[in-house]
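Reader: I have the chain open on my screen and would like to go through it with you. Could you start from one spot and work outwards?

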Amino acid sequence: MRQGTVTCSFPVQTGVLLLDAALERGCGIQYKCRKGTCGACTVDVVSGSEHLSARNRAEQKKLGAAAKRLACQAVMK
Ligand code: FES
């Protein structure tokens with residue numbers, strides 16, 4: 001996944017938030033609310049999007065049709 005100039009990759013961990021996996025790996029991505037409202041955790045999923053939950057209502061509302069994800073809302077499956 002990519003956020004600005006930060007690119008991070010890690011193995012799939014079922015049931016874990018993308019944000020938590022990134023932080024666990026020491027990726028310095030931005031986040032704030034963890035509720036899907038601020039948009040600070042918006043990331044581009046470069047590969048492996050098939051391993052993520054479907055976009056939830058918060059992501060659809062915040063991101064529209066953009067091919068991005070909110071790391072605090074996307075869960076690995
Ligand atoms: S941290 Fe605010 S939307 Fe994810």
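**Talking through the fold**

Author: Let us begin with G4, which sits in the loop between strand 1 (2-3) and strand 2 (6-7); helices (H or I, at least four residues) and strands (E, at least two) are DSSP runs, numbered from the N terminus. Please keep in mind that this is a predicted model, in which local features need pLDDT of at least 70, side-chain atom pairs count only at pLDDT 80 or more, and totals for chains, interfaces and linings use all residues. Residues are numbered from 1 along each chain as its sequence is written.

Reader: Is G4 buried or exposed?

Author: G4 is exposed, because 11 other C-beta atoms lie within 10 Å. A residue is called buried if 20 or more other C-beta atoms lie within 10 Å of its own, exposed if 12 or fewer, and partly exposed in between, with C-beta atoms placed from the backbone.

Reader: And how far is G4 from K35?

Author: From C-alpha to C-alpha, G4 and K35 are 21 Å apart in space, and they are 31 residues apart in sequence.

Reader: Stepping back, in what order do the elements run?

Author: Starting at the N terminus, the order is β-β-α-β-α-β, so that the protein has two helices and four strands. The radius of gyration is 11 Å, close to the 11 Å that the globule rule gives for 77 residues, so the protein is as compact as a globular protein of that length. That radius is taken over C-alpha atoms, and the rule is 2.2 Å times the number of residues to the power 0.38.

Reader: What share of the residues is buried?

Author: Of the 77 residues, 25% count as buried.

Reader: Which residues touch the most other members of the largest nonpolar core?

Author: That core has 13 residues, and L17, L18, L19, A22, C41, A71 and C72 touch the most other members. Helix 1 (residues 18-24) gives the most to this core, with four residues. By nonpolar core I mean a set of buried Ala, Val, Leu, Ile, Met, Phe, Trp, Tyr and Cys residues joined through C-beta atoms within 7 Å.

Reader: What does C41 touch, then?

Author: Leaving out residues up to four places away in sequence, C41 touches L19, I29, Q30, Y31, L70, A71 and C72. Two residues are in contact if their C-beta atoms, placed from the backbone, lie within 7 Å.

Reader: Changing topic, where is F10, and what does F10 touch?

Author: F10 is in the loop between strand 2 and helix 1, and, not counting residues up to four places away in sequence, F10 touches A21 and R25. F10 is partly exposed, because 16 other C-beta atoms lie within 10 Å.

Reader: What about Q73, is that one buried or exposed?

Author: Q73 is buried, because 22 other C-beta atoms lie within 10 Å, and its place is in the segment after strand 4. Apart from residues up to four places away in sequence, Q73 touches G36, N56, A58 and E59.
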